[in-house]
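Here is a quick walk through one model, strand by strand and pocket by pocket. Have the coordinates open while you read.

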Amino acid sequence: MATYKVKVATGTDLLSGTTDCISLTIVGTQGESDKQRLNHFGRDFATGAVDEYTVQCQQDLGELIIIRLHKERHSILPKNPWYCNYVQICAPNGRVYHFPAYQWMDGYETLALREATAKKMADDSLPILLEHRQEEIRAKQDFYHWRVFVPGLPNYIHIPSYRPPVRRHRNPNRPEWNGYIPGFPILINIKATKFLNSNLRFSFVKTASFFFRLGPMSLAFKVRGLVDCKRSWKRLKDIKKIFPGTKSVISEYVAEHWAEDSFFGYQYLNGINPGLIRRCTRLPDKFPVTDCMVAPFLGEGTCLQAELEKGNIYLADYRILEGIPTIELNGRKQHHCAPLCLLHLNPEGNVMPIAIQLSQTPGPDCPIFLPSDSEWDWLLAKTWVRYAEFYSHEGISHLLEAHLIGEAFCLAMLRHLPMCHPLYKLLIPHTRYTVQINSIGRALLLNEGGLSARGMSLGLEGFAQVMVRALSELTYDSLYIPNDFVERGVQDLPGYYYRDDCLAVWDALERYVTEIITYYYPNDAAVEGDPELQSWVQEIFKECLLGRESSGFPTCLRTVPELIRYVTIVIYTCSARHAAVNTGQLEYTSWMPNFPSSMRNPPMQAKGLTTLETFMDTLPDVKTTCIVLLVLWTLSREPDDKRPLGHFPDIHFVEEAPRRSMEAFRQRLAQISHNIRQRNKCLPVPYYYLDPVLIENSISI
């Protein structure tokens, strides 16, 4: 007889335990055990429990390679799901084998798990192991399918059981827009996520906290009459009353300094959309700024051409927004523009706006606004630019370049990398809850009754059109952060804390990825000869970039450095890139004039006509303001059940080398965090959105 000591760990989330019967079969290189029920007197497999059992076998099974967990009906109790963290088995020779699960078993089923040592396909020689990995991939590809949500955007996970309710008189020519949220405009259509596979859904704690926050706040807005008020704001200071109990150093600073030119420019560097600004060495013909226009704002002894040559002129161009039609909100036609904003790095180190044009086409009815214009003309021109920032941020930097691309990375991984693959083990922490939050986002944002249709000048189709245009121009190099700063000419721009923190986190992440990759891929041949890796890369190119060769995204990887760069881009996109554009949303947007989602009057065609009254009449009305800010408040709240970057509680890697790399990664991140906090002590506006303790491992909110 051979005795095996077994530990079974049940998940710690509420309702992870089960009362169903659990049995175990152990498979080794020298034999297979009988199926044996794991049972003690009293409760087994309770939430958070690590249960220990003894399994007797007729013979030594040799090296353990696979176990099977059998979840079966209890004779009395009803079926309930079970979340298994892992199984550990101590063999008669004292060796401990680890079998990671970290997944739900919903019904009466059998789950086969491999021993945790990471293996590429080339590393498997036993037919049973090759068959297991092939069957795992086959099963996942049968379950997870791609689906087109909006033509021209990354495809997403198909949920076959979900059929969103439709309006009785919907347009049959646009089947992709068939969702409808009846009743109160902010209530989320939870059916959009009901049918997600259990392993993709939020934990119970995260789900409860998410909707507990949203529900009472929505009700409070309803009771206060804010979501039914279609009038203009009477006074700017009334906007502060939307979230009277939610304040921070930054949100208060924004409300106090939003109209100042220096803070307007600062936001291009360290606000929530810090990846747009680029150095301008030659003014585009469509932006005919002259030296006499801007000379008073450049300082003595210089001119526009001299500042261009010195590299002190920067441009924010919102051409991607040009020509998109607007909708009607609350009975009033909305308006739109695609501005250009010229900025100057002055001797004090501040980036200051010096010229704004509210159209891509210059002409008599499109004046260039200057800081010397009337107070309200200049403020409204800057507010139009901040309006354009709303769409550049929410549609492109946030939703497209983080959420939608991150989900495509995740789904391709699930479909092509088995759990034993080293890349699966490396990537899985950075996909946690992404599909769930995106499903909520689709129901909340890209839905006929959602935010796009109720709170934005561009509406549903216009908002999607912005993202479609952006994806058609997205390149692989733009997601490679070190190259992006150089390409935009901002690698030496002072006071650019986003860039500094970005590069620090990127360097730590790249070193971590390099150590893991080079351990499992000792040479280029190992990369090129990994069919599962190549299938993953090919599917991302096909389903995320829609096969567009001009994107520069690889269709295959041939060398170790190529793989390191690719994986670093994936992990960074799913963690730090999202944190940089998500964490500060409420702080920079709760003061609505700093980030309006709609504009109710057309862009000014002449100077000297703007007053306080016309400014207030142009801003979003009360209802639109509250709808947008409530959603942004919900989606930027500190998530519960959080796992900061580098925090990997699930045990996927068991080899010493990757575990040492994980610890070294955590130490490097801790040093970056310390450096950021020390720097912020001296700043009037702290920048902490890329502090590693505030970066989530994955896109989960």
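## A hairpin and its sheet

Let's start with S16 and S17, which make a hairpin with five residues between them; in the turn, Gly-349 has a positive phi of about 90°. Strands here are DSSP runs of E with at least two residues, helices are runs of H or I with at least four residues, and both are numbered from the N terminus. Strands count as paired if DSSP finds at least two bridges between them. This is a predicted model, so to speak of local features takes pLDDT of at least 70 and side-chain atom pairs count only at pLDDT 80 or more, while totals for chains, interfaces and linings use all residues. Residues are numbered from 1 along each chain as its sequence is written, and side-chain values use heavy atoms, with hydrogens and water left out.

Strand S16 (residues 340-345) is joined to S17 by six bridges, and the two run antiparallel; Leu-343 has Pro-353 in S17 as its bridge partner. On to the next pair: two bridges link strand S17 (residues 351-357) with S18, again antiparallel, and Gln-357 stands opposite Ile-368 in S18. The whole open sheet has five strands in the order S12-S13-S16-S17-S18, with antiparallel pairing. Its edges are S12 and strand S18 (368-369), each pairing on one side only.

## The other sheet

A four-strand open sheet runs S5-S1-S7-S8, also with antiparallel pairing. Strand S5 (50-57) and strand S8 (96-105) sit at the edges, each pairing on one side only. Ignoring direction, neighbouring strands of this sheet are turned by 20° against each other on average, with axes taken as lines fitted to C-alpha atoms (for helices, over the stretch in contact) and angles running from 0 to 180 degrees between N-to-C directions.

Eight bridges join strand S7 (residues 82-90) to S8.

## What's tucked away

Which residues of S17 and H10 are covered? In S17, six of the seven residues are buried, where buried means under 20% relative accessible area, exposed over 50% and partly exposed in between (1.4 Å probe, protein chains only). Helix H10 (residues 434-444) has eleven of its eleven residues buried, so it is largely enclosed by the rest of the structure.

Loops can be covered too. Leu-226 is in the loop between helix H3 (204-223) and helix H4 (249-257), and at 14% relative accessibility it counts as buried.

## The second largest pocket

The second largest pocket holds about 940 Å³ of space. A pocket, on a 1 Å grid over the protein atoms alone, is an open set of points where a 1.4 Å probe fits, with protein on both sides within 12 Å along at least five of seven lines; a cavity is a set from which the probe cannot get out, and lining residues have an atom within 4 Å of a point. Volume is the space filled by probe spheres set on the points, which are joined across faces, edges and corners.

Its lining has 33 residues, with Gly-275, Leu-276, Arg-278, Glu-401 and Arg-488 nearest the centre. Elements supplying at least two lining residues each include strand S13 (313-317), helix H8 (375-416) and helix H18 (560-582).

## Annotated positions

The unreviewed UniProt entry marks His-398, His-403, His-578 and Ile-701 as "binding site". They are spread over 304 residues of sequence yet cluster in space, with a largest C-alpha distance of 11.4 Å. His-398 lies in helix H8 and, at 5% relative accessibility, counts as buried.

Technical notes:
UniProt positions are given in the numbering used here, feature names are shortened, and annotations may be inferred rather than shown by experiment.
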